[in-house]
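Biologist: I am new to this structure. Please walk me through how to read it, feature by feature.

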Amino acid sequence: MIADNLVVDARTGRRATWGELGRHAGPRPAPTARVVEHSVDALPAVAGLKDGGELLVVAAGRLDEALRAELRGAGFDLAAGDDVQEATSPRVAEDGRVWLLTSGSTGRPKRVGHTLASLSTVTGELAPRTWLCPYSPGTYAWWQVITLGLGVPGQDLVLVDPADLDDWVTPALEHGVTAVSGTPTFWRRTLMRHGAELRKLALEQVTLGGEPVDQAVLSQLSEVFPDARVSWIYASSEVGASIVVHDGRAGFPAEWLDRDLPGRPRLSVVDGELVITSPHHGTDASGAEMAGAVRTGDAARVEDGRVLVTGRLDRDELNVGGSKVSAGAVRDLLQSHPAIAWAAVRGRKAPLVGTMVVADVVAGQDSGVTADDLTRWAAERLPEYAVPRRIKMLDEIPAKETLKSDV
């Protein structure tokens, strides 16, 4: 069922209900990959799913020639506006199938299959809210916000394209946004650029996900939006939304590990890796279900009664002269410095010790902090082998179209 909620295009100010959007869906006789320049352009096809069909949404900027050929070879017609390139291997549409492209953090994007039901993980009634959706169209985070507006009464949407995020606060104020979902990188860039202007927003809900969430950014958001519930979500295309935390603290309670509750994901930490068995799982490109225990590839550790998810396992553990260092733990420490807006930590080859710890850092405006200042500060709080030996000061927080940094 489609809720009669409102959708606003922040770029043009145009407003429409989902019912109105659905009337412009057009026929889809074959599996369709809808290629869009702007997030709002995908919505008629999304609304049209009520009549069946098979849909993949992809931002035009992500569609290189290799992906174009791959999708056409997998049976998708590529539709960009009124221009349609037919599949090179036509097939019958699988009604109700929704395909997502992963972020490609481990290589080329992969296709993961879902349905609107498996993407819609919100249950029960919600207070009426107007959500800002800043995500790249077709990503899992985008679908999470879109299905919220599509199926839950009282959840209106304001869509902002990732390219227009330098000034998202202005349309958010204009259209009465009361809830915002974004990555930690999105929020750090926002906190750094907009400062006092953010406090004009009467937010009731602030959500983070898609990257490691540390205590520093949670505390900053709670301070700027004292009347909002600040939540972080662990979700992925493969296992769906699996962890939701509302207590304003980094990590999730350790007592959640290895619980078996009806309809809820089972969370485990095995050899330092987060493992999830989820009822919201997707399928792979062949249609095989990603059921059972899924090794997420994310590093996790238990500390002070919380399970902290610190980043990708293949990048988190550094071996410095035989001593193990968590890049995520060093990153979180640097980001806890009051003058630091963002940090990324990695290993670099070095003689004798094999690997040394290095960091890229963005300081807050007019902070005056230097790399030497940070090195001395870190040396007072970390073992000698974990202190970054080189700190590069950047002018701006780097972000990809997915609103993520490489951390």
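Biologist: Across which strands does helix H3 lie?

Modeller: Some ground rules come before the case. This is a predicted model: local features need pLDDT of at least 70, side-chain atom pairs count only at pLDDT 80 or more, and totals for chains, interfaces and linings use all residues. Residues are numbered from 1 along each chain as its sequence is written, and side-chain values use heavy atoms, with hydrogens and water left out. Helices (H or I, at least four residues) and strands (E, at least two) are DSSP runs, numbered from the N terminus. Contact means heavy atoms within 4.5 Å. Axes are lines fitted to C-alpha atoms, for helices over the stretch in contact, and angles run from 0 to 180 degrees between N-to-C directions. Now the case: H3 (residues 65–73) lies across E3, E4, E5, E6, E7 and E8. Its direction is about 125 degrees to E5. Helix H5 (residues 140–151) lies across E4, E7 and E8, at about 140 degrees to E7.

Biologist: In what order do the 6 strands of the open sheet stand?

Modeller: Strands of a sheet pair through backbone hydrogen bonds, either parallel or antiparallel. Pairing here needs at least two DSSP bridges between two strands. The order is E6-E5-E3-E4-E7-E8, with mixed pairing. E6 (83–85) and E8 (111–114) are the edges, each with a single partner strand, so one side of each lacks a neighbour in the sheet. On average, neighbouring strands are turned by 25 degrees against each other, direction ignored. Within the sheet, E3 (residues 32–36) and E4 (residues 54–59) run parallel, joined by 5 bridges. Ala33 stands opposite Leu56 in E4.

Biologist: In which sense do E22 and E23 pair?

Modeller: E22 (residues 340–350) and E23 (residues 354–363) are antiparallel, over 10 bridges. Lys349 faces Thr355 in E23. The two strands form a hairpin with 3 residues between them. Leu352 in that turn has a positive phi of about 70 degrees.

Biologist: At what angle do helices H7 and H8 cross?

Modeller: Angles under 35 degrees count as roughly parallel, over 145 as roughly antiparallel, 65 to 115 as roughly perpendicular and the rest as oblique. The axes of H7 (residues 184–194) and H8 (residues 215–224) cross at roughly 50 degrees and come within 11 Å. H7 is therefore oblique to H8. Trp187, Arg188 and Leu191 of H7 make the contact with Val217, Gln220, Leu221 and Val224 of H8.

Biologist: Why is H7 largely enclosed by the rest of the structure?

Modeller: Buried means under 20% relative accessible area, exposed over 50%, partly exposed in between (1.4 Å probe, protein chains only). H7 is largely enclosed because 10 of its 11 residues are buried.
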